[in-house]
Each structure stands twice: as C-alpha cells, then as structure tokens.
Amino acid sequence: MSEACIHVEDLEAAINWWRERSPSPDGVQAGPEVEALAEAYARLALQRGTVLNAQDLGAQALAAWLAWYETTPDSPCIAICSTAQGDPACKGCGRSFEEVQDWPGMSPMAKRAVWLRIRAEGTAWRFNRYAERSGR
C-alpha cells in the first residue's frame, strides 16, 4: 500500500466515528463529514477496491478522516522493543527497525498502513502475549 493511501477499514472506522459523534438529526440525512467520507467509500465500492489515494479525497473528507485519525493511538509500541537488541522486526509492536526509527516523521497514512499490516500479521506481542498493554 502506498504511503498516501487510505484503506477501506479506516474509511469505515472514520464514518462510524462521525456517525456516533454527529448523529443524524432526522434519522435520514447524514452529517457533512459522513457524507464526504461515504462518497469516497462509495467510489471504492464501485471500483471493488480496498485502498484510496488520499489525494482523491475532497478537502472535507480528508479533514474528517484526519479528525478521526487524531483519536487513534499514535504508536503501536508497548514498551518492549526488540529492535534495540538487533531484531529486524520488533517482537513487541511488529514494526521494522526502519519503521520505529522513521515513525515521528511518517504521514498519518503511512502510520495507518503500518498499523493495518501489523494487525493483519497478528504476530506482535501487542496482539497476543501482552494484549493488556495495548489498551485495545
């Protein structure tokens, strides 16, 4: 997945977050953030895709996605870093040495791509052995 892409799972999560945060006043009309994100989601569905280039989002949809993103945990770190011991991927969080080093400068989309990958792999201790540390 490209660094500037947004995955369908994140679009769904952002839509649901906005639906809870700004429920429809009449039960029919969605709020502007939900409408903007839903339009992007619909384009993905029509293309049968799973990722959308962030540049293809309108300004309102990108702002809505970024507002949701700000509510997510920034780092998958659980304070058990094995890359410091020379492991190519951290046993605690699942990130590569380069991802750990580059994390502060990564874009929100790049960080979410890493989150999606490590969650799909499910091998990091944050998902099994030390799940209680992850606060999920």
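This is a predicted model: local features need pLDDT of at least 70, side-chain atom pairs count only at pLDDT 80 or more; totals for chains, interfaces and linings use all residues.
Student: OK. At what angle do helix 1 and helix 2 pack?

Tutor: About 155°, with the axes 9 Å apart. Helix 1 covers residues 8–21 and helix 2 covers residues 32–47. The two are therefore roughly antiparallel to each other.

Student: And the crossing, left-handed or right-handed?

Tutor: Helix 1 and helix 2 cross in a left-handed sense.

Student: Which residues meet there?

Tutor: From helix 1, Val8, Leu11, Glu12, Ala14, Ile15, Trp18 and Arg19. On the helix 2 side they meet Glu33, Val34, Leu37, Ala38, Ala40, Tyr41 and Leu44. That contact has 11 nonpolar residues, no polar ones and 3 charged.

Student: Now helix 3 and helix 5. How far apart are their axes?

Tutor: 11 Å, and the packing angle is about 55°. That makes helix 3 oblique to helix 5. Their crossing is left-handed.

Student: What makes the contact?

Tutor: Leu62, Trp65, Leu66, Trp68 and Tyr69 of helix 3, with Pro108, Met109, Lys111 and Arg112 of helix 5. By class, the contact of helix 3 with helix 5 has 7 nonpolar residues, no polar and 2 charged.

Student: Different topic. Where is threonine 83?

Tutor: In the loop between helix 3 (59–69) and helix 4 (97–102).

Student: Buried or exposed?

Tutor: Threonine 83 has a relative accessible area of 6%, so it is buried, the cut-off being under 20%.

Student: What is it in contact with, leaving aside neighbours within four places in sequence?

Tutor: Threonine 83 touches Pro88, Ala89, Cys90, Arg95, Ser96, Phe97 and Val100.

Notes: Residues are numbered from 1 along each chain as its sequence is written. Side-chain values use heavy atoms; hydrogens and water are left out. Axes are lines fitted to C-alpha atoms, for helices over the stretch in contact, and angles run from 0 to 180 degrees between N-to-C directions. Helices (H or I, at least four residues) and strands (E, at least two) are DSSP runs, numbered from the N terminus. Angles under 35 degrees count as roughly parallel, over 145 as roughly antiparallel, 65 to 115 as roughly perpendicular and the rest as oblique. A crossing is left-handed if the near helix is turned anticlockwise from the far one by less than a right angle, and right-handed if clockwise. Contact means heavy atoms within 4.5 Å. Ala, Val, Leu, Ile, Met, Phe, Trp, Tyr, Cys and Pro count as nonpolar, Asp, Glu, Lys and Arg as charged, and the others, Gly among them, as polar. Buried means under 20% relative accessible area, exposed over 50%, partly exposed in between (1.4 Å probe, protein chains only).
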